[in-house]
Amino acid sequence: MSISYKKSITNVITADVAVFGGGPSGFAAAVAAARTGAKVVLIEATGKLGGMSTSGLVGPFMSCYDSEGTEQIVLGIFDEVCRRAVSKGGAIHPSQTKAGSTHTSYYEYGHHNVTPYLSETLALVYDEIALEAGVEIRFFTRFIDAVCENGHVQYCVIADKAGLSAVQAKQYIDCTGDGDVAVSAGAQYVLGDGEGHMQPVTLFFEVAGIDREKYLADLAEKKKQYPGAACGRSCFFWLIDEHKSTGEWDIPKTDISIYETSQPGRFKVNCTRMLGVDGTDPQAVSKAIVEGRRQVQKIFSFMKKYIPGCEDMMLVATGDLLGVRETRHIACDYTLSGAEVGTRPRYEDAIATYAYYMDLHSPTGDGYTEELTQIDGYYTIPYRSITPKGLDNLLVAGRCIDGDHYSSSAFRCMPGAMAIGQGAGVAAAVLAEDGKSTHKADVTRIQRILREQGAVIK
C-alpha cells in the first residue's frame with residue numbers, strides 16, 4: 001500500500017549554513033560556523049542542545065588528552081564548554097582528574113583526564129554559547145527530507161509545531177549521528193561492520209543518596225582483593241560473577257560502570273546493554289528504550305541490595321535518549337580505518353586531533369572485542385572523511401563520518417565529536433563564503449581559522 005501526499009510549503013528559512021542535530025558535534029559545528037561569520041540555523045529534535053551529554057545523561061566526557069595524559073589535544077569550543085561549566089559549579093576540568101578514581105569508575109585503561117559534569121549545567125552552557133555566537137536554534141524540530149538536484153542539496157524539509165517548513169542554505173552539515181540528512185540526499189553508507197553487526201546500545205541513568213564513606217571503604221577493600229580490576233573490568237564484577245549463575249543478574253554486562261559526577265555522591269551509571277539493535281530502525285529503537293528502562297530498574301534494585309552504601313540510594317533520572325554507539329558510516333572521499341588509527345596518522349588536511357582508544361563493545365556479547373587497542377600519542381581526522389561522495393554542499397560530523405567499524409569506536413566519543421564538529425563548522429562557513437564545492441575547499445584557510453578559534457590542529 002502506498003499513499004500519495006502533496007502539500008505546498010510556504011515558510012522558508014534561509015541561512016548560510018544549516019546544521020542538523022544539536023548534539024556535541026552539531027553544537028560545535030553551529031558555533032564554529034557562526035564565529036567564522038556565517039548566518040547559522042541549528043535544527044534540533046529535542047528541547048536541549050548537547051544530545052547524549054544532556055538528554056542522554058551520558059558522562060563523563062572521555063579523555064581529551066593524548067594517550068600519555070601529558071597534553072590536552074581537544075581544546076577550542078570543547079574546552080570552552082568545560083571551563084564555563086566549571087565556573088558554574090557543574091563540572092571538574094579534565095586537568096584535575098585521573099584514572100582509577102570514582103570519576104572513572106575505577107577504570108585505569110584509557111580513562112585518564114575525563115570531565116565529570118552535571119547534565120543540567122551543560123544544557124545551560126550550550127544555550128549560552130550558541131546564542132552568544134548568534135546561532136538561530138530551532139528546538140522540537142525534526143528533519144524530514146533533503147531535496148537534491150545533480151548532487152546539490154536545494155533545500156531540506158523540516159517539521160515543527162507550526163507544520164512543514166523548508167531550510168535553504170548554501171552549505172549543510174549532517175550531525176544527526178545516523179547520517180539521516182546525507183542518506184536522504186543520496187549518500188552511500190556502510191551499516192555497522194558491513195555485515196549487520198553494530199555495537200550495543202545503552203540507556204544511562206543517574207543515582208544519588210549513596211553513603212559515600214561506606215561505599216568507598218568497601219571499594220578500597222575490594223581493590224586490595226582484586227588488584228588492577230582484572231581484564232579491564234571496573235566495579236562490582238565480583239558481585240555479577242557471584243549472582244550471574246543464580247539468574248539474579250541477566251544483564252549482558254560484566255561490570256557496573258558507575259561514574260561520579262562533579263557533585264559528590266551523585267553518579268552516572270553505564271550498565272544497561274541491548275544487543276542486536278539497529279539504531280536506524282524506529283521499531284527497534286522503541287523496543288530497546290523500553291528494555292533499557294526495565295534493565296535500569298533491575299540494576300538499581302541489584303545495587304541497593306548488594307553494594308554497601310547504596311541501601312538508601314535514589315534514582316534521580318533515566319536518559320530520554322538511547323545511547324547508540326554505531327549505525328551508518330557515510331561514504332566520503334576517504335575512509336579512516338582502525339588499522340590506520342593504530343599507526344597515529346597525521347594528515348595534511350587534518351581538521352581535528354584526538355587520541356581515544358578503540359573502545360569497541362562487542363556486538364554479540366557482554367564485553368569488548370579483542371581489538372581493544374590503546375593508541376600511542378594521538379591521531380588526526382582528515383577533512384576528506386567528512387565530505388560525502390556525490391554531494392557538493394553537504395558535510396557530515398560526529399560518529400557518522402567515514403570511518404570503519406574499528407576506527408569509529410575511537411572517534412565516536414563526545415570530545416572527538418565536538419572537535420570534528422568544530423572543523424566541519426569552520427569548513428562550511430568558508431565554503432559558503434567562497435561559493436565552492438565541499439570537495440574543493442581551501443583546507444589551509446580552514447586550518448588557520450580553527451587554530452584562531454583555539455582548536456588543536458597537529
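Trainee: Which residue is the bridge partner of S257 in strand 10?

Mentor: In strand 10, S257 is partnered by N270. Before we go on: this is a predicted model, where local features need pLDDT of at least 70, side-chain atom pairs count only at pLDDT 80 or more, and totals for chains, interfaces and linings use all residues. Residues are numbered from 1 along each chain as its sequence is written, and side-chain values use heavy atoms, with hydrogens and water left out.

Trainee: How many bridges join strand 9 to strand 10, and which way do they run?

Mentor: There are 4 bridges between them, and the two strands run antiparallel. Strands count as paired if DSSP finds at least two bridges between them. The strands themselves are DSSP runs of E with at least two residues, while helices are runs of H or I with at least four, numbered from the N terminus.

Trainee: And what sits between strand 9 and strand 10?

Mentor: The two form a hairpin with 6 residues between them. In that turn, G265 has a positive phi of about 85°.

Trainee: Is strand 9 buried or exposed on its faces?

Mentor: Both faces are covered: S257 and Y259 on one side are buried, and so are I258 and E260 on the other. Buried here means under 20% relative accessible area, exposed means over 50%, and partly exposed is in between, using a 1.4 Å probe and protein chains only.

Trainee: What's the strand order in the sheet?

Mentor: It is an open sheet of 4 strands in the order 9-10-8-11, with antiparallel pairing. Strand 9 (257-260) and strand 11 (314-318) are at the edges with a single partner strand each, so one side of each has no neighbour in the sheet. Neighbouring strands are turned by 30° against each other on average, direction ignored.

Trainee: How does strand 8 pair with strand 10?

Mentor: Strand 8 (residues 205-208) and strand 10 (residues 267-270) are antiparallel, over 3 bridges.

Trainee: Switching to charges. How many salt bridges does the structure hold?

Mentor: It holds 27 salt bridges, each one a side-chain nitrogen of Lys or Arg within 4 Å of a carboxyl oxygen of Asp or Glu. Side chains of opposite charge can pair when their charged atoms come close.

Trainee: What about K253 and D255, how far apart are their N and O atoms?

Mentor: They form a salt bridge at 2.7 Å. K253 is buried at 3% relative accessibility, and D255 is buried at 2%.

Trainee: Which residue does E291 form a salt bridge with?

Mentor: With R294, the closest N and O atoms being 2.9 Å apart. They are 3 residues apart in helix 7, which puts about one helical turn between them. E291 is partly exposed at 26%, as is R294 at 36%.

Trainee: Which residues are linked in a network of salt bridges?

Mentor: R35, E80, R84, K88, E128 and E132 are linked that way.

Trainee: Zooming out, how many helices and strands are there?

Mentor: The protein chain has 11 helices and 15 strands. Its radius of gyration is 21 Å, close to the 23 Å that the globule rule gives for 458 residues, so it is as compact as a globular protein of that length. That radius is taken over C-alpha atoms, and the rule is 2.2 Å times the number of residues to the power 0.38.

Trainee: And what share of the residues is buried?

Mentor: Buried residues make up 61% of the 458.

Definitions and conventions
Axes are lines fitted to C-alpha atoms, for helices over the stretch in contact, and angles run from 0 to 180 degrees between N-to-C directions.
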